Amino acid sequence: MNSVLQEIYSTILPSMPFIIGAYVLVWVALFVYVIFAMRRFKTVESQLALVERTMNDRVMNDRQ
Amino acid sequence: MEDMRKSKHPIGGLADKLALPALTLGTVLTALAFLLAFTVASPVMGAKVNGVELIGDEMIGNQILLSQKIFYFHMPVAVTSMVVLAGTAFFAIRFLMTRDALYDLKAKICTELALVFVICTMITGDLWTRFEWGVWWTWEPRLTTYLILTLMVIAYFILRAAVDEPERRATFASVFSIIMFIDVPISFMITRLIPSSVHPVILRTDSGLSPDMLAPMLCALFGFSLISYGLYRFRTRTEIIGQRVDVLKEALDNKLGN
């Protein structure tokens with residue numbers, strides 16, 4: 001590669017870690033929030049299942 | 001039990017049905033923006049070099065600034081953070097008008113999302129600043145006002161955690177979020193109001209963005225807006241169902257206690 005081309009491309013390789021870092025970290029931040037939202041949803045779902053089970057047990061006991 | 005679809009804060013309605021398509025479309029658009037940014041958008045030129053070279057079908061006599069590609073995510077996440085904070089302020093005002101706790105919940109969820117997008121903005125901005133300006137931080141007007149906004153978003157959650165009584169917590173948080181929102185137009189306009197500001201101004205009539213650069217930027221902007229909408233509805237729905245489960249548990253406990 002001649003010196004002019006070297007100068008033209010001189011900032012590309014040094015900037016790569018910053019560009020990759022920026023794009024990856026945006027996706028990671030969003031992904032972490034999605035995981036947090038999903039975990040909260042799972043907790044609510046399991047609480048709902050527990051209420052449902054308790055109510056069913058109560059109905060069964062009342063019948064007996 | 002109140003019909004969930006007919007209540008003032010309905011769940012499972014059209015707004016919730018649109019959440020998953022919005023999230024999917026948002027993800028596709030941001031992925032498309034990423035691809036367009038590196039394939040279609042023309043590179044930005046930097047300092048002149050000693051000579052010219054034919055690259056492709058163009059004569060190039062400047063350094064190619066690849067770091068500018070960060071902009072295609074940085075600016076859309078920054079705008080999304082400001083839009084979501086407008087949502088926080090709107091729900092805070094609605095809470096103060098109606099004293100309906102669900103508006104406070106919606107304001108809290110909007111601020112959660114704002115925190116995610118504010119962090120994304122700070123990360124992308126800081127990485128660009130480090131490479132282009134050679135420093136991790138500079139007290140430039142846009143950076144300073146946005147840092148104040150970031151600290152206020154964090155302070156919002158500290159404030160919420162510090163107050164136990166729900167009504168007082170919601171009132172304090174609502175007033176604080178309205179104050180927090182005042183910084184949004186200041187941060188947005190500061191580069192226009194202070195000419196010495198070195199932060200690039202993109203949203204203006206003569207921004208110089210060619211259609212090939214505008215396409216990835218708009219794709220990312222709509223993409224992140226749709227993602228924030230989808231996540232907002234998902235979180236709201238989860239929390240409203242969670243609150244109803246709590247009410248059911250309490251009623252069941254009382255009944256079992258009798």
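A polar contact is a pair of N or O atoms within 3.5 Å; within protein, one must be able to donate a hydrogen and the other to accept it, and residues adjacent in sequence count only if both atoms are side-chain atoms. The model is predicted, so local features need pLDDT of at least 70 and side-chain atom pairs pLDDT 80 or more, while totals for chains, interfaces and linings use all residues. Residues are numbered from 1 along each chain as its sequence is written, chains are lettered from A in the order in which they are written, and side-chain values use heavy atoms, without hydrogens and water.

Helices are DSSP runs of H or I with at least four residues, and strands are runs of E with at least two, numbered from the N terminus. B:Glu140 caps the N-terminal end of α5(B). Its side-chain oxygen lies 3.0 Å from the backbone nitrogen of B:Arg142. B:Arg142 is among the buried residues of α5(B), as are B:Leu149 and B:Tyr156 (buried: under 20% relative accessible area, 1.4 Å probe, protein chains only). Cover for these buried residues includes α3, α4 and α6 (166-193) of chain B.

Chain B contributes 52 residues to the contact with chain A, and chain A contributes 36 (contact: heavy atoms within 4.5 Å). The rule finds one salt bridge across the interface, defined as a side-chain nitrogen of Lys or Arg within 4 Å of a carboxyl oxygen of Asp or Glu. B:Glu239 and A:Arg40 form a salt bridge at 2.7 Å, N to O. On the side of chain B that touches chain A, α7(B) supplies the largest share, 16 residues.

Definitions and conventions. Buried means under 20% relative accessible area, exposed over 50%, partly exposed in between (1.4 Å probe, protein chains only).
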